[in-house]
Amino acid sequence: MVYKSQSVIKLPLAALALSLTLLISACGSGSGSTNANAPQAPTPTTKVEEKVQTINFAYMPNMGGAAPIAIGEEKGFFKEAGIKMNAVKFLSGPPEFQAMAAGEIDIAYIGPGATFLSAQGQGNIIGIVSLGKSDMVFATKKSGIKEFKDLKGKTVGVPKGTSGEMVLNLGIEKAGLKLSDVNIVNMDVAGAVTAYVAGKVDAVAIWSPYTSEIEKQIGKENMVKLGDNSSFFPEYSFPSSWVVNPKFLKEKPELVDKFMKAMAKTTEYKISHSDEAVKLTAAYTQVPEDSLKQELESIDWIDSKKLATIFKDGTAKQWFDNLQKLFVANGKMDSIVPSEKFMTTDPAIKAVNP
């Protein structure tokens with residue numbers, strides 16, 4: 001029916017049949033002709049979603065390494081960036097580099113102690129997470145050790161190639177001792193904690209939150225702190241970093257850019273919402289909240305704007321140049337490599353200034 005001035009117009013049956021025939025002919029899909037003057041039905045539009053790409057990421061169960069993952073997942077920062085993080089837990093840096101060399105890890109969080117592997121060409125540093133003083137050397141009370149000089153002839157457990165070892169070596173040097181004066185035993189993190197608690201070693205060089213775990217088991221009164229990273233400031237800074245597999249960087253630079261953009265958001269969020277960051281990280285890692293809160297006391301976060309600045313003005317280069325002096329001194333490197341050779345700064349800078 002057609003309405004006109006609220007009156008019904010009745011068509012003869014033959015005319016109605018003719019009208020229907022013409023209408024069907026005009027709308028049929030078998031004809032190649034169209035009526036240019038007839039209104040066209042809107043064409044449905046389908047939103048083309050960007051393909052989500054996966055990054056195999058190595059993290060450590062602490063605030064520096066795990067908080068970005070916990071926050072990024074919870075707040076959707078990775079999804080916004082079009083990436084999916086396949087997060088794999090590690091307890092120290094050297095095994096992460098081994099996994100990168102095997103093609104199993106694309107990007108990793110490392111402490112300062114593993115930086116020498118980047119300098120050797122095994123990974124490009126693309127960001128600095130924080131400066132820390134959470135690496136500590138503790139002696140057992142029964143050992144009688146009170147200062148670094150008392151380590152002579154004693155047994156110290158330490159995961160080799162870590163920032164804990166760096167602090168130990170600096171303390172030994174500062175005390176006027178040689179590394180050969182101390183019985184240094186290479187242990188993994190869990191082994192070092194167990195050996196210290198059981199009294200199988202006289203001292204241990206390790207970092208938070210594992211230092212908190214030791215304190216819980218034997219009591220703070222039975223631990224003798226010899227020093228931490230801050231004992232050697234300002235000559236030495238100890239940056240924790242994001243490091244990327246060189247092959248991954250070459251083949252998928254756009255994914256590295258996306259990663260740094262997402263990390264810029266997680267960084268700002270964890271700094272401005274520290275209590276929530278602790279809760280999310282505790283839930284993600286199963287590390288107690290009080291241990292993670294204690295770890296925060298020894299972390300100086302590098303926010304995204306500061307990161308861009310220190311990459312531009314040479315500050316970061318100086319930090320890594322000085323770290324390499326330690327690596328050369330302890331035999332991990334033969335000579336210092338210009339830090340700009342293993343630093344890739346553009347992704348971090350672009351994350352702040354697209």
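Here is a short chat about helix packing and cores.

Modeller: This is a predicted model, where local features need pLDDT of at least 70, side-chain atom pairs count only at pLDDT 80 or more, and totals for chains, interfaces and linings use all residues. Residues are numbered from 1 along each chain as its sequence is written, and side-chain values use heavy atoms, with hydrogens and water left out.

Colleague: Why are helix 2 and helix 10 called roughly perpendicular?

Modeller: Helix 2 (residues 63-75) packs against helix 10 (residues 253-272) at about 100°. Angles of 65 to 115 degrees count as roughly perpendicular, so these two helices get that label. Their axes, lines fitted to C-alpha atoms over the stretch in contact, are 9 Å apart.

Colleague: Which residues meet there?

Modeller: From helix 2, Pro68, Ile71, Gly72 and Lys75 meet Met263, Thr266, Tyr269 and Lys270 of helix 10; contact means heavy atoms within 4.5 Å. By class, that's four nonpolar, two polar and two charged residues.

Colleague: What makes a set of residues a nonpolar core?

Modeller: The members are buried Ala, Val, Leu, Ile, Met, Phe, Trp, Tyr and Cys residues joined through side-chain atoms within 4.5 Å, where buried means under 20% relative accessible area with a 1.4 Å probe, protein chains only. The largest such core has 90 residues, and Phe57, Met85 and Phe259 are among those touching the most other members. Helix 10 gives the most to this core, seven residues. Another core, of 16 residues including Met187 and Val193, lies apart from it.

Colleague: How much of the chain is buried?

Modeller: Buried residues make up 50% of the 354 in the protein chain.

Terms used:
Axes fitted to C-alpha atoms, helices over the stretch in contact; angles between N-to-C directions. Helix = DSSP H or I, 4+ residues; strand = E, 2+ residues; numbered from the N terminus. Parallel < 35°, antiparallel > 145°, perpendicular 65-115°, else oblique. Nonpolar A, V, L, I, M, F, W, Y, C, P; charged D, E, K, R; others polar.
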